[in-house]
Each structure stands twice: as structure tokens, then as C-alpha cells.
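The sequence and the structure come first.

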Amino acid sequence: MLKKILYFTIWISCIGLLSFAYEDYLYSQFKVDSTQGIVEDKGVWETTRNIYGNFTEEREYWIRLNGEKIVVTKAIYEDVHQHMQIKLMRTQHGMVIE
């Protein structure tokens, strides 16, 4: 009888721990950060990346939204204009503007 209670308790504990871990995983994968405001400025700069000792120079496109400089994709950079009201939503998988 004691063995069955211990077995049941261990299974319930494992299920509880896995559900908490999975909940954190889902939150990290599908979290959405949104920022809304007027595009104050936009620009392009050259940045140097180091990937395993291979140095490459790439262009980074950015916009200034509510005083915060945000790196965006080229498509978003070309779609927005200064003094334009936008809503920018960021996830781990990319960005969307409204």
C-alpha cells in the first residue's frame, strides 16, 4: 500500500513539474511585445557580426519610436515613413506592423 502511494505521489510531482516547464516554454515562444507611437526618425547603419570568427558587415535598418531605437526588417523600414502612426508587434519569430 505504501509503495502505491509513493508511486502515485512521484507521478503527480512529475506531471506538475512538466506542466510548469511547458507553460514557461509556451510563454517564451509566443510572447508578444507591442509598441505604439509615431515614427520620429529612421535610418540605416553598418554593423559587424562575429559568427565563429567569421566577421561580416551587414546593414541594419532601424526606426525611432517613442524615443526608443528599434532594429527592424528592410520591408518594415520601407513601409513606414516619418511622422506616421504605427503599432509594432514583436515576437520571437518576427515583427508585424499595423
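## Position of Glu-60

Glu-60 is found in strand β2, residues 54-65; helices (H or I, at least four residues) and strands (E, at least two) are DSSP runs, numbered from the N terminus. The model is predicted: local features need pLDDT of at least 70, side-chain atom pairs count only at pLDDT 80 or more, and totals for chains, interfaces and linings use all residues. Residues are numbered from 1 along each chain as its sequence is written, and side-chain values use heavy atoms, with hydrogens and water left out.

Glu-60 counts as buried, at 14% relative accessibility. Buried means under 20% relative accessible area, exposed over 50%, and partly exposed in between (1.4 Å probe, protein chains only).

## Contacts of Glu-60

Leaving aside residues up to four places away in sequence, Glu-60 touches Gly-43, Val-44, Trp-45, Thr-47, Arg-49 and Val-71 (contact: heavy atoms within 4.5 Å).

## Salt bridges

The whole structure holds 5 salt bridges, each a side-chain nitrogen of Lys or Arg within 4 Å of a carboxyl oxygen of Asp or Glu. One of them pairs Arg-49 with Glu-60, with the closest N and O atoms 2.9 Å apart. Arg-49 lies in strand β1 (residues 33-51) and Glu-60 in strand β2, so this pair ties together parts 11 residues apart in sequence. Salt bridges that share partners join Arg-49, Glu-58 and Glu-60 into one network.

Glu-58 and Arg-49 meet at 2.8 Å, N to O. Glu-58 is partly exposed at 32% relative accessibility, and Arg-49 is partly exposed at 33%.
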